[in-house]
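Trainee: I'm new to this one, could you walk me through it?
Mentor: Gladly, let's bring it up and then talk.

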Amino acid sequence: QMKCIRCMTVSFYVITLIFAVTCESRKDGRILNSPLGLHSKWGVTKTSPLNNVPQRNDQNGLNDAMVIAGGASQETTNNSITTGFLKNPLTILQVMSFLLVLSSAIISLAPAPALIKTMGTDRATRTLSMISSAGAAVQIILSPLVGSILDSFGRKPLLSIALICITASNCMVAIHPTTLLICASKFITTLGVGFFFVASQAILADVTTTEAGLSSTKLGAIMGAQVAYISFGFFIGALLAGRLIAYGLRFCYTVSSVVSILPIMLLLLRMPETLEVDGRKVFNKFVIKKQILESPVSCLRLVTKRGKEIRRLAFILIILSFPFNMGDFFYIYATQHWGLSPKSFSNFIA
């Protein structure tokens, strides 16, 4: 029965991923070579819905005739720029998200047993809870700074810092696993993953501009594909975590470090900067200082100065976030009181 459930779960994730990607790349009943149908600045030429001829502003009839006659070859030339694997910023972002979640999920079960061995169950539980709470608090406080960095210096610098810090912390634990480094790695990973997805939302906002003529259905398909990649990465990583932990703490962090190097390579070699220089804002450190001081209170405006729908959505998101932020406590409780093995627990959460 467990094998059947696992097979059904894997099939569900695969079908969901294929369906989301297919819906994302379908428009007007035909498959585009670009998953987004993006604006021409991403190398995609807009086409007329009547005759699929690239739109031009030429007024000369001879030029229009030449464009129509050479429409197929011109479209082939433009499509050759965007076709192929990992040529589109959205596709690159989705693969990076998958790899990051995969590398983080691989070590999700590793810190707790190591800390319990050196600190005891009660102290290890309190330490892991404090790390998770501290990471959430720092994300709230630094959110204005992160937003200003994204708007002033572009998206890639923050993505690079987050991914490099996560990889470096995992490598340090793999080389010299101590209690301090394990706790520091978990804290850095918590911050890095959070800031990565803040930057990824900004990239989605850049590439899904109103100039591309995207409908709400199209944007929903794009977000669905992003969530499918993230969920599939967690699913694979959780299954691997319960099996790799049998080989030791250092082996888990080594595998995670190797996997986390891949999104760095994609970012540096393939990912373009989606925020143009003309659209960047001036970095004002005085305004940022004020926003940082007000950030613990400003986050409450969602539930105090917004409508009922926003308040309900905020409370729903808070409730849904409880299981994700209590993963270490749930793992310790399940292994200590229920007698579940790491492999059984990984199958359960996957």
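Predicted model: local features only at pLDDT ≥ 70, side-chain atom pairs only at ≥ 80, totals over all residues.

Trainee: What does the chain average in pLDDT?
Mentor: The average pLDDT, which is the predictor's confidence in each residue from 0 to 100, is 76 for the chain, and 72% of the residues score at least 70. Over residues 24–84 the pLDDT stays under 50, and for that stretch the model has 80 contacts beyond four places in sequence.

Trainee: How many helices and strands are there?
Mentor: The chain has 15 helices and two strands, where helices (H or I, at least four residues) and strands (E, at least two) are DSSP runs numbered from the N terminus. Of the 350 residues in the chain, 38% are buried, and buried means under 20% relative accessible area, exposed over 50% and partly exposed in between, with a 1.4 Å probe and protein chains only.

Trainee: Which residues of α5 are buried?
Mentor: In helix α5, which spans residues 111–119, they are Pro111, Ala112, Ala114, Leu115, Ile116 and Met119. Their cover includes α6, α8, α10 (249–269) and α14, and just after α5 comes Gly120, with a positive phi of about 95°.

Trainee: How do α5 and α14 cross?
Mentor: Their axes come within 10 Å and cross at roughly 65°, where axes are lines fitted to C-alpha atoms, for helices over the stretch in contact, and angles run from 0 to 180 degrees between N-to-C directions. The two helices are therefore roughly perpendicular to each other, given that angles under 35 degrees count as roughly parallel, over 145 as roughly antiparallel, 65 to 115 as roughly perpendicular and the rest as oblique. The crossing is right-handed; a crossing is left-handed if the near helix is turned anticlockwise from the far one by less than a right angle, and right-handed if clockwise.

Trainee: And which residues meet there?
Mentor: Ala112, Pro113 and Ile116 of α5 meet Tyr331, Ile332 and Gln336 of α14. By class, these are five nonpolar, one polar and no charged, where Ala, Val, Leu, Ile, Met, Phe, Trp, Tyr, Cys and Pro count as nonpolar, Asp, Glu, Lys and Arg as charged, and the others, Gly among them, as polar.

Trainee: Back to Gln336, what else is it in contact with?
Mentor: Gln336, which lies in helix α14 (residues 327–337), is in contact with Ile116 and Thr121, leaving aside neighbours within four places in sequence. Gln336 and Thr121 are 215 residues apart in sequence and 8.8 Å apart in space, C-alpha to C-alpha. With a relative accessible area of 43%, Gln336 is partly exposed.

Trainee: Switching topic, is Ser148 buried or exposed?
Mentor: Ser148 is buried, with a relative accessible area of 15%, and lies in helix α6 (residues 121–153). Beyond its neighbours within four places in sequence, Ser148 is in contact with Phe283, Ile288 and Gln291.

Trainee: Last one, at what angle do α4 and α8 pack?
Mentor: Helix α4 (residues 89–106) and helix α8 (residues 179–207) pack at about 165°, with their axes 11 Å apart, and are therefore roughly antiparallel to each other.

Methods: Residues numbered from 1 in each chain as written. Heavy atoms only, no water. Contact = heavy atoms within 4.5 Å.
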